[in-house]
Amino acid sequence: MRIGLVLNILNEEYQISIYKSVKKKAEELGLELICFQLENINFSSFTFASRFPSESFFGLDGILFVTSVIVDGYKINLKSEVEKLWGKIPVVSIGQEVKGVPSLLIQSDASMKQLVEHLILEHGYRSFLYISGSENHHDADMREDIFKKTLEVYKPWYPDLNYYVRRGWFSEHVASVALADFYEENPDAKVDAIVCASDNMAIGSYKFFQMNQNSKIKECAVTGFDDIPQSAYVIPPLTTVHQPLSEIGEKAVQTLYKLLYHENVPQKSFVESTLIIRNSCGCKAVQNKSEVDQNYLVEMQTKYIQSEQFLRLVSHFAQDINYCEDVRSFKNVIDRYVEQLGIQNFCVLSFPIIINETSHFDFHDFIINPLYIKRNGRVFYEFNGNQPMTIANFYKKFSDYDSEFPDNLIFKFLNMGNSFAGCIFYDANDQLLPYLCTISISITQAIERINSFELNKRRSEFLENEINKRTRELVEANNKRMQVEGEVLRISELERQRFSTDLHDDICQRLAGISMLCRSYSKNEEGAKKEEMEELAALISETLQTTRQYAHNSYPVELESLGLNKSINNLCNSFENTTGIKCEYVYKLKKEMELNNVQKLNIFRIIQEALHNISKHAKAQNARVSIVETSSNICINIIDDGIGINSSNKNKTGLGLNSMQYRANQIGASFKIKPNKTGGTCVEVKI
């Protein structure tokens, strides 16, 4: 069976101790373990559920949830809320009570009270500084409450009892900063004892006094809470409250194991804490000094050497991976240092883009990129043939590769702030766990940098392609412009030629005829007869009318005086009278719809040319001209019921068609010539 352990991060002794005890017991019971580190969880949103892989994702049979270290974990207090995250599979809470869920709890009220009483009664301390844990943290609130209540109980007997409170967030560094701020605000304060809600904060207090040995600040008694391994080896050894972390971790696994086999378990199980008296409170050592010193020196020397080696490796790793600009160099650096650290299983998976946790994403479907895969000492340079895969696909392939699968793996997201670059899987020596948390930060930065280089490269390629595309478009547009200019010149020349031909073949011939008649009549001694003069007058009148028509065709003067509607109406009437083709005219524009003179002229010319083509080519009996307004444009249609456009002449571009297209372009209109649905042809212009 496979179980999951959910905690905050494996970079401090409290969580590492629980992890070590859970791992040990899981191995004894033959359970496979995956430890999930979920930092900075906020239960006020869906982000936790989206970040935690569900039970089906890794095939989990049960979950251990370390509620004592999860930020705002105390808000999860109902079984229904747990089931929203993980469904119906067995869940055990470690550290805090969750109603309806078996919970493993440490009884520390009595021990905390005994510690405060020891400081008051045995040492006679009266002035205290209490350094609390994280804000709104269940354990931090409980310990602070017991500290205050105990002092209040003894205050009637010792009226000079007083205390200050500062927050240290369970951190060495923050506790040290809190002390510095306290003494800066209260330079004359005389504190007898500093009571810390965790050993880490007590060790931070030690460091503060070491850094301020030459100041006026007086060193005082310091106590902690948790009894982490370092507490026995600091100087002086730390008086603290022992939380049986190994016992509670093993008991939690045993409880979950029973649930997996459907056995009954109590809803609440307690493990008692105990007060550990050492030297930091002011008590003298009770152990054999020489034996303690010898064991202490050996242990400290070993830890110091290991710490120096690991810190040096972490520093060199950060420097080397900082120069990686591609995946190949990234893999080489990872492989070299994983080998030096003796890690047999280490996987780095990257997400193709930086994902923000405020946007939901489903791990079941999310595609990942395996950057580095090492399994049981073997490096896979190509995992799954570099095919796209989800985390679920990856883990199944990774676990099913052979029968020698590691008994436990640790999972951690690679995130910067609220953005995710990927995740890592690994198993390692317990002493390496805090350093791997630091290494993961360098890996995250390297992935983001490589992704940034790749993104910039893609952007450069995209911009280059866009520039080339735009250049081609500009060249094509310039060529087209030159073609249009040439076509305009050709059309203008043809228009002049046609006008010249019409003048020569029509007006000139008429005038020549009139001239001949006049010369003929002048030779008649008796003068011209009435009939002859009437014939001459009629011929002059026709010539005058034709001349006016040619002038009108050159420029319709009535557009300015009569407007577009009446001008086109006259054009349609003239077309009908001249050709015998019935022409219907529809005009539906609002009065406030203003068209400028250029638009009016080009619309008139397009309709005029279209009617001319109908009379010349369509063999139509009916025509229809409409100018109507729609929600988004003005639509002009010239429709006939003639022979239509066939495939042989559809793509031919004569003078008239080119002229209409050009005029439409001049006013920014679309222009189409298409077959009419009921037969004939439709010329469509949309402004």
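**Entry 1: L64**

In which strand is L64 found? I looked it up in this predicted model, and L64 is in strand β3, residues 62-66. I then listed its contacts, leaving aside neighbours within four places in sequence: I3, G4, L5, V6, V22, V92, I94, A252, V253 and L256. I picked V22 from that list and checked the spacing: L64 and V22 are 42 residues apart along the chain, with their C-alpha atoms separated by 9.1 Å.

**Entry 2: the whole chain**

I stepped back for some totals. The protein has 687 residues, and 45% of them count as buried. I noted 17 helices and 23 strands. The accessible surface is about 36,500 Å², and carbon and sulfur atoms hold 50% of that. Of the contacts with a separation of 6 or more, 71% are between residues 24 or more positions apart.

**Entry 3: confidence**

How far does the prediction trust itself? The average pLDDT is 82, and 85% of the residues score at least 70. I marked two stretches to treat with care. Residues 42-49 stay under 50 in pLDDT, and the model gives them 20 contacts beyond four places in sequence. Residues 357-361 are also below 50, with 12 contacts beyond near neighbours in sequence. Where pLDDT is low, the predicted coordinates should not be read in detail.

**Entry 4: L341, in a loop**

L341 is found in the loop between α10 (327-340) and β13 (345-356). With a relative accessible area of 17%, L341 falls under the 20% cut-off and is buried. Beyond four places in sequence, I found L341 in contact with F310, L313, L432, L436 and I439. From L341 to L432 I count 91 residues in sequence, but 8.1 Å in space, C-alpha to C-alpha.

**Entry 5: helix α11**

Which residues of helix α11 are buried? In this helix, residues 391-400, they are I391, F394, Y395, F398 and S399. Looking down the axis of α11, I saw the buried residues fall within an arc of 120 degrees, so they line one face of the helix.

**Entry 6: strands β5 and β11**

Strand β5 (residues 103-107) runs parallel to β11, and 5 bridges join them. I noted S103 opposite K268 in β11. Strand β11 itself, residues 268-272, has S269 and V271 on its covered face and K268, F270 and E272 on the uncovered one.

**Entry 7: an open sheet and its helices**

I traced an open sheet of 5 strands in the order β19-β20-β21-β23-β22, with mixed pairing. Its edge strands are β19 (582-588) and β22 (670-675), each pairing on one side only. Neighbouring strands are turned by 10 degrees against each other on average, direction ignored. Within the sheet, β20 (residues 622-629) and β21 (residues 634-640) run antiparallel and share 7 bridges; S626 stands opposite N637 in β21.

Which strands does helix α15 touch? Helix α15 (residues 564-579) packs on the sheet against β19 and β20, and its direction makes about 170 degrees with that of β19. Helix α16 (residues 597-618) lies across β19, β20, β21 and β23 (681-686), and runs at about 15 degrees to β21.

Definitions and conventions: Residues numbered from 1 in each chain as written. Predicted model: local features only at pLDDT ≥ 70, side-chain atom pairs only at ≥ 80, totals over all residues. Heavy atoms only, no water. Buried < 20%, exposed > 50% of the residue type's maximum accessible area, 1.4 Å probe, protein only. Helix = DSSP H or I, 4+ residues; strand = E, 2+ residues; numbered from the N terminus. Arc of directions from axis to C-beta. pLDDT = per-residue confidence, 0-100. Contact = heavy atoms within 4.5 Å. Pairing = 2+ DSSP bridges. Axes fitted to C-alpha atoms, helices over the stretch in contact; angles between N-to-C directions. Areas by Shrake-Rupley, 256 points an atom, 1.4 Å probe, with all protein chains shown as cover.
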